[in-house]
Amino acid sequence: MAFDGITIANIVHELNHTILNGRIAKIAQPEKDELLLTIKGGIENSRQTRLLLSASASLPLLYLTTENKISPMNAPNFCMLLRKHIANGRITKIFQPEMERIVRFEIEHLNDLGDPCTKSLIIEIMGKHSNIIFCGENDKIIDSIKHISAQMSSVREVLPGRDYFIPKTVEKYNPLTENRTHFLEKIAEKPLPVAKAIYSSYTGISPLTAGEICYRASIDADASLASLSEHEKLHLANNFFWYMEDVSSSQFTPNIVMRGKEPVEYSAFALTQYEELEVRSFDSISNVLEVFYAAKNVYTHMRQKSSDLRKIVGTALERSRKKYDLQKKQLKDTEKRDKYKVYGELLHTYGYDVPEGAKSMEALNYYTDKMITIPLDSQLNAAENAKKYFDRYNKLKRTYQALSERLEETSNEILHLDSISAALDIAASEADLAQIKDELIAFGYIKKHGGKKKKTTKSNPFHYVSSDGFDIYVGKNNYQNDELTFKVASGNDWWFHAKNMPGSHVIVKTNGKELPDRTFEEAGKLAAYYSRGKDDGKVEIDYLEKKNVKKPNGSAPGFVIYYTNYSMISDTDISGITLKES
């Protein structure tokens with residue numbers, strides 16, 4: 001996920017084929033660090049287009065969009081300045097200087113005297129240093145969306161009246177003008193991993209792109225350059241220049257890599273390093289950016305919404321695990337109980353001839369047929385010592401029984417909390433979170449407050465359809481898991497679950513038919529994907545007919561037992577399985 005120079009090159013290519021020669025019809029500033037330009041016409045475009053320019057420190061972006069945004073009632077000063085100078089101006093040139101994360105728009109307009117003149121609008125997409133800068137002729141800064149004084153930066157001031165220039169804080173080379181000899185010399189002299197040597201040497205190349213070049217060359221991105229053979233270095237160079245040739249010739253193939261419904265990465269070129277995941281191709285890099293960040297925002301929003309619940313579950317888990325460790329230690333201390341019982345029995349059997357004041361007694365242990373030494377309290381006789389050992393035995397026996405029950409309760413509590421934690425990872429809507437919160441309230445992890453309960457949208461399980469047309473349901477949380485297994489599923493339906501780890505109950509409705517192997521495999525993939533082992537790649541899955549799945553009385557939601565099952569190893573690639581919208 002990198003808005004690097006190569007993504008910029010793709011955007012510039014797209015803008016030159018859409019809005020070049022278009023006129024700026026409207027200029028709005030919906031956010032303090034964001035512009036929205038409405039452009040009419042263009043080189044291959046007769047309709048109205050919107051261009052979003054964001055210099056946000058957290059998410060700087062530049063792309064074409066169909067969405068409009070509400071602007072403030074009073075336009076900010078920077079917006080008013082742009083309207084004065086370039087409203088109705090024509091975009092005559094769009095370019096990217098030397099693969100930098102910069103896009104420069106040259107705009108022709110009429111001045112106050114009606115004479116044509118050219119000004120530049122420059123967006124620099126550089127993380128927290130991002131900016132939108134408006135320059136006149138001779139690159140004098142007229143104004144910028146962010147003012148940068150000498151106190152804020154020792155590298156460059158961005159203030160009205162200053163000269164505009166691109167700061168060169170690190171010596172990097174333009175990858176589009178590189179040659180093989182120089183590439184091999186510069187890469188070889190850096191004592192760094194291969195990928196880092198590439199992205200730290202060339203402008204516009206992100207760690208993601210450097211890693212992709214290494215992957216295409218069949219080289220470990222984290223390997224040291226010194227470990228590469230001459231043949232491997234040449235192969236790396238070839239892949240680097242093949243990649244740059246595609247950039248130079250604008251052979252872009254914008255795409256998003258998906259893991260289920262979650263966007264993982266986007267790129268202007270195919271990411272072969274993610275070949276096991278689904279790839280969605282697009283005609284437009286702007287569409288990629290809009291779709292990617294909209295989907296990413298959903299997941300970010302859900303993470304933020306669930307943060308309080310995660311904290312509650314995490315705290316409860318930590319407390320339960322500490323309690324479990326303490327109980328295990330206390331249970332280990334009760335292992336001496338049988339020894340004390342034997343001491344008492346042997347004292348009853350052989351203690352009649354123990355002399356008064358003795359500190360120990362040698363006796364034959366008839367359980368092991370070996371001699372043992374029994375420590376004695378010299379102040380007590382044999383019968384009293386025996387009673388003392390029996391008292392210790394009975395106390396430890398009671399402690400063992402009580403601790404065994406508590407240990408099982410604590411273990412079940414940890415399993416329950418782990419399952420809730422896994423459900424929080426799966427939650428896709430506020431309704432899903434509300435159901436998880438209800439479970440936490442029911443089990444006392446959250447205090448129930450009075451007042452009328454807010455109505456929430458009903459949370460439904462995921463509904464997939466196998467390649468052979470069978471309905472597959474996946475529970476998002478423990479309540480849904482119980483409902484699917486014991487209400488939705490009938491006896492001959494098939495039940496799937498990741499072995500010995502938190503995960504969703506997966507039900508395949510058979511409708512009295514025999515399941516094909518492919519449906520078994522797809523259900524296994526879903527059980528693997530919606531489990532704690534999702535990131536492991538391969539997960540062992542238990543599966544059996546639902547009629548053999550039982551729920552113990554009084555057990556927590558989602559907890560079941562079974563004794564006869566089949567097993568399979570499944571991967572977590574669910575890209576080919578159809579998800580029906582609820």
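Which residue stands opposite Phe 134 in S9? I began with that, and found Asp 143.

**Entry 1: ground rules**

I note that this is a predicted model, in which local features need pLDDT of at least 70 and side-chain atom pairs count only at pLDDT 80 or more, while totals for chains, interfaces and linings use all residues. Residues are numbered from 1 along each chain as its sequence is written, and side-chain values use heavy atoms, with hydrogens and water left out.

Five of the five residues of S8 are buried (buried is under 20% relative accessible area, exposed is over 50%, partly exposed is in between, with a 1.4 Å probe and protein chains only). Asn 131, Ile 133 and Cys 135 point one way from S8, and Ile 132 and Phe 134 point the other way. I set beside this the general rule that side chains in a regular strand alternate between the two faces of the sheet.

S8 pairs with strand S7 (residues 116-124) in the antiparallel sense, over five bridges (two strands pair if DSSP finds at least two bridges between them). Ser 120 stands opposite Cys 135 in S8. The S7 and S8 hairpin has six residues between its strands, and Gly 127 in the turn has a positive phi of about 60°.

With strand S9 (residues 141-144), S8 pairs in the antiparallel sense over three bridges. In the hairpin of S8 and S9, five residues lie between the strands, and Asn 138 in the turn has a positive phi of about 65°.

**Entry 2: strand S10**

I then went to strand S10, residues 255-259. Four of its five residues are buried, so S10 is largely enclosed by the rest of the structure. S10 pairs with strand S11 (residues 262-267) in the antiparallel sense over five bridges, and the bridge partner of Asn 255 in S11 is Ser 267. S10 also pairs with strand S12 (residues 278-281), in the antiparallel sense over four bridges. There Ile 256 stands opposite Arg 280.

Helix H5 covers residues 207-216, and seven of its ten residues are buried. Among them are Leu 208, Thr 209 and Cys 214. What covers the buried residues of H5 includes helix H1 (5-16), helix H4 (194-199), helix H6 (230-248) and S11 (contact means heavy atoms within 4.5 Å). Ser 218 follows H5 and has a positive phi, near 60°.

I counted cavities next: the structure holds four of 30 Å³ or more. A cavity is a set of points on a 1 Å grid over the protein atoms alone where a 1.4 Å probe fits but cannot get out, and lining residues have an atom within 4 Å of a point. Grid points are joined across faces, edges and corners, and a volume is the space filled by probe spheres set on the points.

The largest cavity has a volume of about 70 Å³. Of the 13 residues that line the largest cavity, the closest to its centre are Asp 4, Thr 7, Leu 208, Thr 209 and Ser 267. H5 gives the largest share of this lining, three residues.

**Entry 3: the second largest cavity**

The second largest cavity has a volume of about 50 Å³. Its lining includes Ser 419, Ala 422, Asn 478 and Asn 481. The largest share of that lining, four residues, comes from H10.

I also looked up Ser 411, which sits in helix H10 (residues 382-426). Ser 411 is partly exposed, with a relative accessible area of 26%. Ser 411 and Arg 321 are 90 residues apart in sequence and 8.4 Å apart in space, C-alpha to C-alpha.

**Entry 4: the seven-stranded sheet**

Last, I traced an open sheet of seven strands with antiparallel pairing, in the order S20-S19-S17-S18-S16-S15-S21. Strand S20 (566-571) and strand S21 (578-580) stand at the edges, each with a single partner strand, so one side of each is left without a neighbour in the sheet. Strand S15 (residues 462-465) pairs with S21 in the antiparallel sense over three bridges, and the bridge partner of Tyr 464 in S21 is Leu 579.

Notes: Helix = DSSP H or I, 4+ residues; strand = E, 2+ residues; numbered from the N terminus. 1 Å grid on protein atoms, 1.4 Å probe; cavity = no way out; pocket = protein on both sides within 12 Å on 5 of 7 lines; lining within 4 Å.
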